[in-house]
Amino acid sequence: MRILLLVNILLPDAAEYLKKDMSVRGGWLVAASQMLSKEHELAVITVMENSQYCEFLVNKVQYYVLPTKNINKYQQDLENYFQMIKLRFSPDIIHIYGTEFPHSLAFVNACGNDRVVVSLQGLVSIYERYYLAGLSKREIWNNITLRDIVCRDNLLLRQREFKKRGMFEEELLRKVKYVEGRTSWDKTHSLYINNKLKYFHCNRTLRDSFYLSKKWQYVTCEKHSIFLSQCATALKGCHYVLMALPFILKEFPDCKLYVTNTLDLTRGKLKNRLLMNGYFLYLRKLIKTLKLEQNVIFTGMLDEKEMCKMYLKSNVFVCPSSIENSPNSVGEAQILGVPCIASYVGGNMDMITDGVTGFLYRFEEVEMLAFKICDTFRLENKISVISKQEIEVAEKRHDISVNYNKMMLIYNQVLND
């Protein structure tokens with residue numbers, strides 16, 4: 001089968017070929033492309049800002065990199081590229097990963113919806129509602145930075161951008177016939193946008209290291225430590241974890257919060273101040289106001305293996321987002337057996353059964369988050385029961401061969417429909 005993928009990131013082989021930095025996002029795309037290229041003829045299209053058109057073959061995968069001025073805006077120039085690539089590669093099936101960016105709609109406008117499957121990642125038309133994650137306009141304007149002014153960028157403008165992108169997303173979903181998703185949340189919202197869609201369910205495959213790694217053990221973790229896998233935007237909810245920390249520190253004064261981020265927000269270096277956006281400034285002020293400088297550690301960005309080590313080191317992993325579909329971070333933590341606490345939003349409820357395979361709480365209730373974390377710390381060795389149940393459900397959900405075979409079944413159903 002000849003399969004054409006349209007993805008939002010530069011996959012590792014392509015990044016290495018072009019001598020570009022590799023993205024730490026989109027691990028499922030790497031896993032999917034590796035599996036497909038073993039048995040099928042595969043081509044991958046990536047749309048990139050500040051690039052030139054190029055095509056190359058690496059490890060039996062044909063790559064096409066298309067230039068765009070702004071990935072967040074509809075670029076009609078891309079339509080000619082898509083038509084050319086489809087004609088040249090002549091795919092049997094086209095798989096568009098993600099509805100979040102307008103180039104997905106541009107492909108369908110240029111090439112039609114025949115034999116096209118669209119994977120639902122996040123739905124920006126819905127995410128837009130929760131983008132500010134409880135922050136007021138006053139809090140946002142009070143934390144505008146020099147970087148925000150120069151780049152014309154702040155949380156309110158980004159929310160407005162999500163709304164615009166959401167309009168393209170809805171148009172895309174009204175034009176296609178087949179979507180693939182993973183949760184009751186993405187199924188509900190996609191079918192409300194277009195009730196004629198044929199919806200297929202298929203779980204994600206994780207990055208290799210998470211299948212090969214040893215499992216989490218209470219005896220070897222850093223006691224009373226919390227891991228947060230990102231804090232890049234307000235909707236990821238880092239500010240709520242910071243607000244919960246003072247409650248936790250009353251009972252566990254040695255508690256440490258580890259957060260992956262490019263900037264260390266506990267330090268006031270000139271470089272940090274120049275690169276800091278408004279949300280990061282807000283987090284920095286929170287840390288100072290709540291006197292958390294000794295309890296919050298920013299790890300820098302971590303690669304796949306470093307992420308594994310960080311999960312295993314942690315006493316608990318928290319996913320505090322104001323909205324999610326099916327966060328890979330929860331799947332990664334669960335398959336390692338790390339005790340998980342997640343906000344009761346989006347598709348998280350499909351991944352965690354409260355008190356069985358992790359713990360759930362309402363995302364803005366910092367007292368409940370603090371209670372759940374403290375309760376997990378108190379369980380000590382008894383948490384191993386939750387850990388084993390997490391591993392069991394995650395290994396089933398993220399089974400490589402099951403997910404691959406399911407995707408093949410979806411492709412064949414589309415071709416024979």
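Tutor: Let us start with Asn-50, which is exposed, with a relative accessible area of 73%. Please bear in mind throughout that the model is predicted.

Student: Where is the place of Asn-50?

Tutor: Asn-50 sits in the loop between strand E2 (41-49) and strand E3 (54-58).

Student: And what is the phi of Asn-50?

Tutor: The phi of Asn-50 is near 55°, a positive value in a residue other than glycine. Most residues other than glycine have a negative phi.

Student: What about Arg-152, what is its phi?

Tutor: Arg-152 is not a glycine either, yet it has a positive phi of about 50°. Arg-152 belongs to the loop between helix H7 (146-151) and H8.

Student: Is Arg-152 buried or exposed?

Tutor: Arg-152 is exposed, its relative accessible area being 73%.

Student: Let us change topic to helix packing. At what angle do the axes of H3 and H4 cross?

Tutor: Helix H3 (residues 77-89) and helix H4 (residues 102-111) cross at roughly 60°, and their axes come within 8 Å. That angle makes H3 oblique to H4.

Student: Is that crossing of H3 and H4 right-handed or left-handed?

Tutor: The crossing of H3 and H4 is right-handed.

Student: Which residues meet there, in H3 and H4?

Tutor: From H3, the residues are Leu-78, Glu-79, Phe-82, Gln-83 and Lys-86; they meet His-103, Ala-106, Phe-107, Asn-109, Ala-110 and Cys-111 in H4. By class, this contact of H3 with H4 has six nonpolar, three polar and two charged residues.

Student: H4 also packs with H8. At what angle?

Tutor: The angle between H4 and H8 is about 35°, and their axes are 8 Å apart. The crossing of H4 and H8 is left-handed.

Student: Which residues of H4 and H8 make the contact?

Tutor: H4 contributes Pro-102, Ser-104, Leu-105, Val-108 and Asn-109, while H8 contributes Arg-165, Phe-168, Glu-171, Leu-172 and Lys-175. Classified by residue type, the contact of H4 with H8 has five nonpolar, two polar and three charged residues.

Student: Staying with helix H8, is Gln-159 buried or exposed?

Tutor: Gln-159, which is found in helix H8, is buried, with a relative accessible area of 17%.

Student: What is Gln-159 in contact with, leaving aside its neighbours within four places in sequence?

Tutor: With those neighbours left aside, Gln-159 is in contact with Glu-128, Tyr-131 and Leu-132. The C-alpha atoms of Gln-159 and Arg-129 are separated by 8.3 Å, and the two residues are 30 residues apart along the chain.

Student: Now H9. Which residues in helix H9 are buried?

Tutor: In helix H9 (residues 184-193), the buried residues are Trp-185, Asp-186, His-189, Ser-190 and Ile-193. Seen down the axis of H9, its buried residues fall within an arc of 115°, so they line one face of the helix.

Student: And what covers the buried residues of H9?

Tutor: The cover includes helix H5 (124-127), helix H8 (155-175), strand E7 (178-181), strand E8 (198-201) and helix H16 (348-351).

Student: You mention strand E8. What does Lys-198 touch, not counting residues up to four places away in sequence?

Tutor: Lys-198 lies in strand E8. Not counting residues up to four places away in sequence, Lys-198 touches Lys-177, Tyr-178, Val-179 and Asp-417. At 37% relative accessibility, Lys-198 counts as partly exposed.

Student: One more helix pair: how do the axes of H11 and H17 cross?

Tutor: Helix H11 (residues 238-251) and helix H17 (residues 366-379) have axes that come within 8 Å and cross at roughly 50°. That makes H11 oblique to H17. The crossing of H11 and H17 is right-handed, and by class their contact has 12 nonpolar, no polar and three charged residues.

Student: Finally, where is Asn-315 found?

Tutor: Asn-315 is in the loop between helix H14 (304-313) and strand E12 (316-319). At 1% relative accessibility, Asn-315 counts as buried. Not counting residues up to four places away in sequence, Asn-315 touches several residues, including Trp-216, Tyr-218, Pro-339 and Phe-377.

Methods: Residues numbered from 1 in each chain as written. Predicted model: local features only at pLDDT ≥ 70, side-chain atom pairs only at ≥ 80, totals over all residues. Heavy atoms only, no water. Axes fitted to C-alpha atoms, helices over the stretch in contact; angles between N-to-C directions. Helix = DSSP H or I, 4+ residues; strand = E, 2+ residues; numbered from the N terminus. Parallel < 35°, antiparallel > 145°, perpendicular 65-115°, else oblique. Left-handed = near helix turned anticlockwise from the far one by under 90°. Contact = heavy atoms within 4.5 Å. Nonpolar A, V, L, I, M, F, W, Y, C, P; charged D, E, K, R; others polar. Buried < 20%, exposed > 50% of the residue type's maximum accessible area, 1.4 Å probe, protein only. Arc of directions from axis to C-beta.
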